[in-house]
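This briefing sets out the main features of the structure shown below, grouped by topic. Please read it alongside the sequence and the coordinates.

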Amino acid sequence: MAPVPSAGPASTAPATDGSTAPAAAAPPARIDLPSASAAYLSNPPPPYPPLSRRLGEQGKVVVRVRIEADGTASAAEVRTSSGFERLDQAALQTVLRWKYVPGKRNGVPEAMWYLIPIQFVLE
């Protein structure tokens with residue numbers, strides 16, 4: 001059985017009447033998720049693989065991408081496949097080239113993983 005951590009003494013802060021009162025809990029960190037949708041980023045859509053187009057392959061790929069604090073992608077993996085390797089690879093290669101608005105924690109840019117859906121639809 002794993003040890004159970006015990007609670008330490010409650011922190012106290014002086015109250016206005018000279019007695020002590022429990023300190024207020026810190027507010028949770030505000031987290032802003034990364035984004036690839038900012039208009040000024042000019043991220044091109046993924047190219048439709050010609051063989052996939054000829055074969056009528058369509059589908060949605062969900063790519064998990066690590067977005068660094070500088071807005072670049074450092075790693076990516078297919079989280080949900082379209083069912084077609086060519087479409088999955090086109091999506092993967094595309095999101096690695098895109099620029100992003102990085103995620104932030106309390107206003108400070110921070111590396112984060114983010115899920116990006118890519119839809120391949122023949123028109």
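In this predicted model, the side chains of Glu57 and Ser52 are joined by a polar contact of 2.6 Å. Glu57 lies in the loop between α1 and β4. Glu57 counts as buried because its relative accessible area, 7%, is under the 20% cut-off.

**Surroundings of Glu57**

- Leaving aside residues up to four places away in sequence, Glu57 touches Tyr48, Ser52, Phe84, Arg86, Leu87 and Leu122.

**Confidence and overall make-up**

- The protein chain has a mean pLDDT of 82, and 77% of its residues reach 70 or more.
- Over residues 1-15 the pLDDT stays under 50, and the model has 13 contacts for this stretch beyond four places in sequence.
- Where pLDDT is low, the predicted coordinates should not be read in detail.
- The secondary structure of the protein chain consists of two helices and eight strands, which follow the pattern β-β-β-α-β-β-α-β-β-β along the sequence.
- Of the 123 residues in the protein chain, 25% are buried.
- The accessible surface of the protein chain is about 8300 Å², and 57% of this area belongs to carbon and sulfur atoms.
- Among contacts between residues at least 6 apart in sequence, 66% join residues at least 24 apart.

- Strands of a sheet pair through backbone hydrogen bonds, either parallel or antiparallel.
- β4 pairs with β8 in the antiparallel sense over nine bridges, and Arg66 stands opposite Trp113 in β8.
- β4 also pairs with β5 in the antiparallel sense, over six bridges; here Ile67 stands opposite Ala73 in β5.
- The hairpin of β4 and β5 has five residues between the strands, and in this hairpin Gly71 takes a positive phi near 90°.

**Ala76 in β5**

- Ala76 is located in strand β5, which spans residues 73-80.
- With a relative accessible area of 24%, Ala76 is partly exposed, because this value falls between the cut-offs of 20% and 50%.
- Beyond four places in sequence, Ala76 touches Val63, Arg64, Val65, Leu92, Val95 and Leu96.
- The C-alpha atoms of Ala76 and Gln93 are 8.5 Å apart in space, while the two residues are 17 residues apart in sequence.

**The largest nonpolar core**

- The largest nonpolar core has 16 residues, of which Val95, Tyr100, Ile116, Ile118 and Phe120 touch the most other members.
- β4 (59-67), α2 (85-97) and β8 (112-120) each supply at least two residues of this core.
- The element that gives the most to this core is α2, with five residues.
- Ile116 touches Val61, Val62, Val63, Val65, Val95, Trp98 and Tyr100, not counting residues up to four places away in sequence.

**The three-stranded open sheet**

- An open sheet of three strands has the order β3-β6-β7 and antiparallel pairing.
- Its edge strands are β3 (31-32) and β7, each of which pairs on one side only.
- β6 and β7 run antiparallel and are joined by three bridges; the bridge partner of Gly103 is Glu110 in β7.

- Asn106 is in the loop between β6 (103-105) and β7 (108-110).
- Although Asn106 is not a glycine, it has a positive phi of about 55°.
- Most residues other than glycine have a negative phi.
- Asn106 is exposed because its relative accessible area of 52% is over the 50% cut-off.
- Ser42 belongs to the loop between β3 and α1 (50-55).
- Ser42 is likewise exposed, with a relative accessible area of 59%.
- Ser42 and Lys99 are 57 residues apart in sequence, and their C-alpha atoms are 8.2 Å apart in space.

Note on methods: Residues are numbered from 1 along each chain as its sequence is written. This is a predicted model: local features need pLDDT of at least 70, side-chain atom pairs count only at pLDDT 80 or more; totals for chains, interfaces and linings use all residues. Side-chain values use heavy atoms; hydrogens and water are left out. pLDDT is the predictor's confidence in each residue, from 0 to 100. Contact means heavy atoms within 4.5 Å. Helices (H or I, at least four residues) and strands (E, at least two) are DSSP runs, numbered from the N terminus. Buried means under 20% relative accessible area, exposed over 50%, partly exposed in between (1.4 Å probe, protein chains only). A nonpolar core is a set of buried Ala, Val, Leu, Ile, Met, Phe, Trp, Tyr and Cys residues joined through side-chain atoms within 4.5 Å. Accessible areas come from the Shrake-Rupley method with a 1.4 Å probe; for residues, only the protein chains shown count as cover. Two strands pair if DSSP finds at least two bridges between them. A polar contact is a pair of N or O atoms within 3.5 Å; within protein, one must be able to donate a hydrogen and the other to accept it, and residues adjacent in sequence count only if both atoms are side-chain atoms.
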